[in-house]
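User: Hi! I've just opened this one and would like to go through it residue by residue. Please keep it plain, and give me the cut-offs as we go.

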Amino acid sequence: MRTHKKSIIETTTSEIYCDICKTQIKSRYHVCVICQKDICEKCVGHEDDTIGDYSNYYCKTCWQIGEPFRNKINQLNLDIDKLNDEWLNLCKK
């Protein structure tokens with residue numbers, strides 16, 4: 001398995017195959033940020049827009065496995081926001 005710094009890779013000479021569906025990828029492919037598999041457009045399960053030039057891509061399997069974790073992370077982020085608000089309000093008194 002290869003590791004990549006960019007999630008979209010332009011291919012030129014080497015033959016690249018999707019690690020999920022095994023089809024040859026002719027021009028652009030993505031790398032799952034969780035499992036680091038090379039994935040074609042049809043095997044992308046989710047794309048997260050980021051502040052930088054490249055998005056984060058997840059294969060369908062990793063995105064599905066991550067559902068309960070994403071729900072917990074979202075709830076924890078809400079709790080963190082509430083705690084920060086409480087802290088700020090106490091300091092403003």
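**Working through the model**

User: What does Lys37 count as in terms of relative accessibility?

Analyst: Lys37 counts as partly exposed, at 31% relative accessibility. Buried means under 20% relative accessible area, exposed over 50%, and partly exposed in between, with a 1.4 Å probe and protein chains only. Before we go on: this is a predicted model, where local features need pLDDT of at least 70 and side-chain atom pairs count only at pLDDT 80 or more, while totals for chains, interfaces and linings use all residues. Residues are numbered from 1 along each chain as its sequence is written, and side-chain values use heavy atoms, with hydrogens and water left out.

User: Thanks! Where is Lys37 found?

Analyst: Lys37 is in the loop between S4 and strand S5 (38–39). Helices (H or I, at least four residues) and strands (E, at least two) are DSSP runs, numbered from the N terminus. The C-alpha atom of Lys37 is 7.9 Å from that of Cys18, and the two are 19 residues apart along the chain. Gln36 is found in the loop between S4 and S5 too. Gln36 has a positive phi of about 65° although it is not a glycine, and at 22% relative accessibility it counts as partly exposed.

User: Nice. Lys22 also has a positive phi, so where is its place?

Analyst: Lys22 is in the loop between strand S2 (16–17) and strand S3 (24–25). Its phi is about 70°, and Lys22 is not a glycine. Lys22 counts as exposed because its relative accessibility is 56%.

User: Changing topic: what is the pattern along the sequence?

Analyst: The protein chain reads β-β-β-β-β-β-β-α-α. That comes to two helices and seven strands. Buried residues make up 24% of the 93 residues. The accessible surface is about 7,300 Å², with 54% of it belonging to carbon and sulfur atoms; these areas come from the Shrake-Rupley method with a 1.4 Å probe, and for residues only the protein chains shown count as cover.

User: Which residues have the most contacts inside the largest nonpolar core?

Analyst: Those are Ile25 and Ile39, in a core of 13 residues. Strand S4 (28–31) and strand S7 (56–59) are the elements that give two or more residues to this core. A nonpolar core is a set of buried Ala, Val, Leu, Ile, Met, Phe, Trp, Tyr and Cys residues joined through side-chain atoms within 4.5 Å.

User: What is Ile39 in contact with?

Analyst: Leaving aside neighbours within four places in sequence, the contacts of Ile39 include Cys18, Ile20, Ile25, Tyr29, His30, Val44 and Tyr58. Contact means heavy atoms within 4.5 Å.

User: His30 is on that list, so is it buried or exposed?

Analyst: His30 is buried, because its relative accessible area is 0%. His30 has its place in strand S4, and its side chain makes a polar contact of 2.5 Å with the side chain of Glu41. A polar contact is a pair of N or O atoms within 3.5 Å; within protein, one must be able to donate a hydrogen and the other to accept it, and residues adjacent in sequence count only if both atoms are side-chain atoms.

User: Which side chains does Ser55 make polar contacts with?

Analyst: The side chain of Ser55 makes one of 3.0 Å with that of Glu47 and one of 3.5 Å with that of Asp49. Ser55 is buried, at 12% relative accessible area, and is found in the loop between strand S6 (44–48) and S7.

User: On to rings: how many aromatic pairs are there in the whole structure?

Analyst: A search finds one aromatic pair. Tyr58 and Trp63 form it, with 5.1 Å centre to centre and 55° between the planes, so it is tilted. Rings of Phe, Tyr and Trp (its six-membered ring) pair if their centres lie within 6.5 Å; planes under 30 degrees apart count as stacked, over 60 as edge-to-face and the rest as tilted. Tyr58 is buried, at 14% relative accessible area.

User: And what sits over the ring of Trp63?

Analyst: The charged end of Arg70 does, 3.5 Å from the ring centre. The rule is NZ of Lys or CZ of Arg within 6 Å of the ring centre and within 35 degrees of the ring normal.

User: Last one: where is the place of Lys60?

Analyst: Lys60 is in helix H1 (residues 60–65) and counts as partly exposed at 48% relative accessibility. Leaving aside neighbours within four places in sequence, Lys60 is in contact with Lys42, Cys43, Val44 and Gly45. Lys60 and Ile39 are 21 residues apart in sequence and 9.7 Å apart in space, C-alpha to C-alpha.
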